[in-house]
Amino acid sequence: MGAQRSIHAGKAKIDVNVDFTHNLCASLMHNTFRNAGNPLSLLIGSLCIKHPNLFGGSEKLHVSCDKGLYDSNVLVAFRRPREECLAHQSFVVQHSLSPEIGIHGIPIKNFSQSGSGGVNLSRLSVGMDLNEPASSKWSSTTSIKFEHVRPLNDDGRNISRDCDGFPLTCSGSPHDSMVVLKQESRYTKENNHSFFHFNLQIEQGIPVLSKWIIFNRFKFVASKGIKLGPALLLTRLSGGSIVGDMAPYQAFSIGGIGSVRGYGEGAVGSGRSCLVANSELSLPLNNMLEGVAFMDCGTDLRSGCLVPGNPALRHGKPGSGIGLGYGLRFKSQFGHFQLHYAINAFNERSLYFGLPNLGSCY
């Protein structure tokens, strides 16, 4: 259920998309933490403006705005032209607002869903990206950015502690500031029968000022797909760890559609480290429909107690979990959707309808 329209104004292109489907289903399937109030609160949409030649020298401008039920994201990116052999340079300003369910959410219904912990994060970042020219199989991006993070309650007010009185920031004040240097490397190998993808991200907090966060955080995702006749077997392993200064919102959360299915978002646990494994077998039934069977498992590697305030222990999260299930995926001109049924280690069933997303920890 939605509408999409593209408008050309000179060389600029404006894409407008309004959609009720995903978040309307989410509001019916999950325990939402704010009152919908009126039907317009179920509206989600996006606005995208692109200009390929802003000042006449092939400068590219990209402006996007996305609104969800309880989250929003605004992105402004300006890319300067460079020679093909040089890294492409982009200046980026981004602001996002989202509920912090993965870390501070409260598991309900035998961990199959997560309710609100009353914590939301407002993030403002300003920085520069350098996209290195891709080789035959490798590509990389280096970025440096300033980040300003503010925890908010559901009424939009600044808070520095959660409902149990534990700090939400590393500094103990209502906000954290940091300069982050990030390196991301990607490797892809494909043929007619299989593919292999690997992604590695390393972030380093730079101590420009004494009160700013100093840390080193890495995460990786490795995935392998093999064709078995008409079927596709997909396996994925993801993980990560962080050392140094740390705020609770920087922890890795485990559980949910993008991690261990059968659990609510972050309901398995949250820690300084994590490891998640996914396996999935999909079989096309016709041109628009395919069946899926999957198994997911994840663990915080017993690092939940190392997160400041230990939110996972206070909310009774197990720290490890396994989910099994099956489902259907639909492909149409309106996008891709999936319906799946999963069971977790506590014998609790869950049903999900929405956008497909396969496993990782964040």
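Residue numbers start from 1 along each chain as its sequence is written. Because the model is predicted, local features need pLDDT of at least 70, and side-chain atom pairs count only at pLDDT 80 or more, while totals for chains, interfaces and linings use all residues; side-chain values use heavy atoms, with hydrogens and water left out.

**Overall make-up**

The chain contains three helices and 21 strands. Helices (H or I, at least four residues) and strands (E, at least two) are DSSP runs, numbered from the N terminus. Of the 362 residues in the chain, 41% are buried. Buried means under 20% relative accessible area, exposed means over 50%, and partly exposed lies in between (1.4 Å probe, protein chains only). The accessible surface of the chain is about 18,400 Å², and carbon and sulfur atoms account for 60% of that surface. Accessible areas come from the Shrake-Rupley method with a 1.4 Å probe; for residues, only the protein chains shown count as cover. Among contacts in the chain with a separation of 6 or more, 57% are between residues 24 or more positions apart. A contact means heavy atoms within 4.5 Å.

**Strand pairing**

Strand β13 (residues 215–228) pairs with strand β14 (residues 231–244) in the antiparallel sense, over 14 bridges. Two strands pair if DSSP finds at least two bridges between them. In this pair, Gly 225 stands opposite Leu 234 in β14. The two strands β13 and β14 form a hairpin with two residues between them, and Gly 229 in the turn has a positive phi of about 70°. Strand β14 also runs antiparallel to β17, to which ten bridges join it. Here Thr 235 has Ser 279 in β17 as its bridge partner.

**Salt bridges**

The structure holds ten salt bridges. A salt bridge is a side-chain nitrogen of Lys or Arg within 4 Å of a carboxyl oxygen of Asp or Glu. The table lists some of them.

| Salt bridge | N to O distance |
|---|---|
| Arg 314 and Asp 162 | 2.9 Å |
| Arg 314 and Asp 164 | 2.7 Å |
| Glu 280 and Arg 329 | 3.0 Å |

The side chains of Arg 314 and Asp 162 meet in a salt bridge. Arg 314 lies in helix α3 (residues 311–314) and Asp 162 in the loop between β10 (138–152) and β11 (176–190), so this pair ties together parts that are 152 residues apart in sequence. Arg 314 is partly exposed, with a relative accessible area of 27%, whereas Asp 162 is buried at 10% relative accessibility.

Arg 314 also forms a salt bridge with Asp 164. That pair again links distant parts of the chain, with Arg 314 in helix α3 and Asp 164 in the loop between β10 and β11, 150 residues apart. Asp 164 is partly exposed, with a relative accessible area of 44%.

Glu 280 and Arg 329 meet through their side chains in a salt bridge. Glu 280 is in strand β17 (residues 273–284) and Arg 329 in strand β19, 49 residues apart, and the pair links distant parts of the chain. Both residues, Glu 280 and Arg 329, are buried. They belong to a network of salt bridges that links Arg 261, Glu 280, Glu 290, Asp 296 and Arg 329.

**Surroundings of Asp 296**

Asp 296 is placed in strand β18 (residues 289–299). With 0% relative accessibility, Asp 296 counts as buried. Its side chain makes a polar contact of 2.6 Å with the side chain of Arg 261, and another polar contact, of 2.9 Å, joins the side chains of Asp 296 and Asn 278. A polar contact is a pair of N or O atoms within 3.5 Å; within protein, one must be able to donate a hydrogen and the other to accept it, and residues adjacent in sequence count only if both atoms are side-chain atoms. Leaving out residues up to four places away in sequence, Asp 296 touches residues including Ser 259, Val 260, Ala 277, Ser 279, Gly 321, Ile 322 and Gly 323.

**Nonpolar surface patch**

Leu 283, Leu 285, Tyr 326, Leu 328, Phe 330, Leu 339, Tyr 341 and Leu 351 form a nonpolar patch on the surface, with about 690 Å² of accessible area together. Two or more residues each come from β19 (320–332) and β20 (335–344). Strand β19 gives the largest share, three residues. Patches are made of residues with over 30% relative accessible area and no salt bridge: like charges are joined within 9 Å, and nonpolar side chains (Val, Leu, Ile, Met, Phe, Trp, Tyr) within 5 Å. Phe 330 is found in β19 and is partly exposed, at 32% relative accessibility.
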